[in-house]
Amino acid sequence: MSENYYELLKVSPRATVAEIVTAYHAARNAFSPDSIAVYSLFSAEDAQTELKKLEEAYFTLSNIDRRREYDRRLQQGTVPSAPASAPATAPSAPLAPVVRLVPTPAAPAAAPSPQPLPSTQPFPAPAFFPQPPYSVTPTAFPAAPSTPPMPPEGVTGAWMAQARERQGMTIEDVAQLTKIPARTIAAIETENLSTLPARVYLQGFLRNLARQYHMDATATIQTYLARIDSLKKGAA
Amino acid sequence: MTFNRLKQPGASFDPRAVNIPSRGIGPLPTAKTVWAIGGGKGGIGKTLLTSNMAVYLSWINKRVVVVDLDLGGSNLHTSLGVEAPTKTLSDLVLGKTDRIADLLQPTSIRGLQIISGAFDPIGITSLHHAQRTRLIRQIDAIDADFVLLDLGAGTSSSTLDFFLAAERKIILVTPEPTSIENAYRFIKLAFYRMLRAATPSPEARHLIEQAMDLKNAYGIKSPRDLLQEMRRLSPDHGVALEKLMADFSLSLIVNQVRAKSESDIGKSIQLVCERYFGMRVDYMGYLPYDTAVWQSVRRRMPFLIDAPHSIAVTHLESILRNLLKPAGEKR
């Protein structure tokens, strides 16, 4: 059974970024190694495989450009395929006893002796896609960089705004996801010294935002705070 | 408010007196609905939940019958403050009566009746297939708006069949690995039992039976793998199996939640189950751990009556609102 990234995250193809992020976090919680919900139904290895697939899906769908490209390929039916769950391999030896189901046009009328099963048979095409099969292999997309390149002059408010827009999110989306007030996010992006929160809170907010935008949290905090310090000196 | 004030059978009870509004409920199903409450593990609050749900439904003017199907350890009557029953399911199973209606006993709550489980030392914990079928048919004939089945612990054939016979299949878990493990085992067995029973082809049934053995030769580890294998062997059967899986759904409730992180367990179980089984699981909500509930149990009273202002009541109401919505409606 193969499925696309939207089905994997259980979101609609028209889901907002906030919905995708929420679905991803819930699924990641469910399949994390310390989740008691996964215990006894999935092996640690299978749970890890599920997590990997979820991360692939999130990596693609949480970025507006990657998502657009993925949608385009889905529409064209050119996304290659992999099994959705841990693969069930057919026994290599002939089956014993033979499972012979109700004859189908393609099936032989009788199976006098155990016959090896065909190695693959395409699944019926999901109605959503024009052509089966499709799947996603890890090499189908460029690997996720651990952190996006940081600006050489350090992180600025404008850079934070660009990072948010690269994720296809509005300030309200980010506020909903991170629980950071929208006015604070706006203050960070506009470098509004009068409305920025106290340094200790700002540090936490920046860390949270950096995680959300897949940025290097330490470098973001250090360079942004340094910039704010210099702006304050200039203002004084 | 004490339970003694409600001792008279048929006495009416006004939910407004204890601030139990029925807001947001309805329109309710018009035909009779059978709900089964199971979960595999004992001591997780199935009886407590059943009795309180039954009280609530009767308060919103529904005719409710609760059936104690914990045949090895019936005690539903105790949690509803009913004295030791004189007639029990044993009478029906052993042929002392032909009509399940003879076993109905009134409670102190208007509209709520109870059928007690087996109450004799010999017990009727393991019913033959014919006895089970007859009992299910009799339960189906009960004249009520809601019939709630309080299932016992374990995964006996009887318990699984009672569970599968209900329209609303409710799984109760506590946020503990042992409870979740038992619940998964219960769901797995019930699920495969349903698939096997609904599959007429002996060959397809054979494959389902193979899938139930974790060390099967086909490498089938989950129902999703089974579906994949079935599609490969016979696309027609694959389509039929997929429909069976899609039509099977569960309602999930988490009990004894002590922290926010534990309430998230319900969502996690829902996702893991849907991923593993390929079925729909609706998370209905959770009941918090509440000392008031514990005290009500000791007083042998439903917490709806004994502790009407407890936080558990608010959560129970929310759970019931979800349960009373048509299946599949967004919660």
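This is a predicted model: local features need pLDDT of at least 70, side-chain atom pairs count only at pLDDT 80 or more; totals for chains, interfaces and linings use all residues.
Two packed helices are described by the angle between their axes and the distance between the axes. Here the axes of α7 (residues 202-212) and α8 (residues 223-233) of chain B come within 11 Å and cross at roughly 150 degrees. Such axes are lines fitted to C-alpha atoms over the stretch in contact, with angles from 0 to 180 degrees between N-to-C directions. Helices are DSSP runs (H or I, at least four residues), numbered from the N terminus.

The contact (heavy atoms within 4.5 Å) uses B:Ala204, B:Leu207, B:Ile208 and B:Ala211 from α7(B). From α8(B) come B:Leu226, B:Glu229, B:Met230 and B:Leu233. These residues divide into 7 nonpolar, no polar and 1 charged; Ala, Leu, Ile and Met count as nonpolar, and Glu as charged.

Now turn to chain A. Helix α6 (residues 171-178) is largely enclosed by the rest of the structure, because 6 of its 8 residues are buried (under 20% relative accessible area, 1.4 Å probe, protein chains only). Among them are A:Ile171, A:Val174 and A:Leu177. The buried residues of α6(A) pack against α2, α5, α7 and α8 of chain A. A:Lys179 follows α6(A), with a positive phi near 65 degrees.

A:Glu3 sits in the segment before α1 (5-9) of chain A. A:Glu3 is buried, at 18% relative accessible area. Its side chain joins that of B:Arg275 in a polar contact of 2.4 Å (N or O atoms within 3.5 Å, one able to donate a hydrogen and the other to accept it).

Residues are numbered from 1 along each chain as its sequence is written, and chains are lettered from A and ligands numbered from 1 in the order in which they are written. Local features need pLDDT of at least 70, side-chain atom pairs count only at pLDDT 80 or more, and totals for chains, interfaces and linings use all residues, while side-chain values use heavy atoms, leaving out hydrogens and water.

Technical notes:
Helices (H or I, at least four residues) and strands (E, at least two) are DSSP runs, numbered from the N terminus. Buried means under 20% relative accessible area, exposed over 50%, partly exposed in between (1.4 Å probe, protein chains only).
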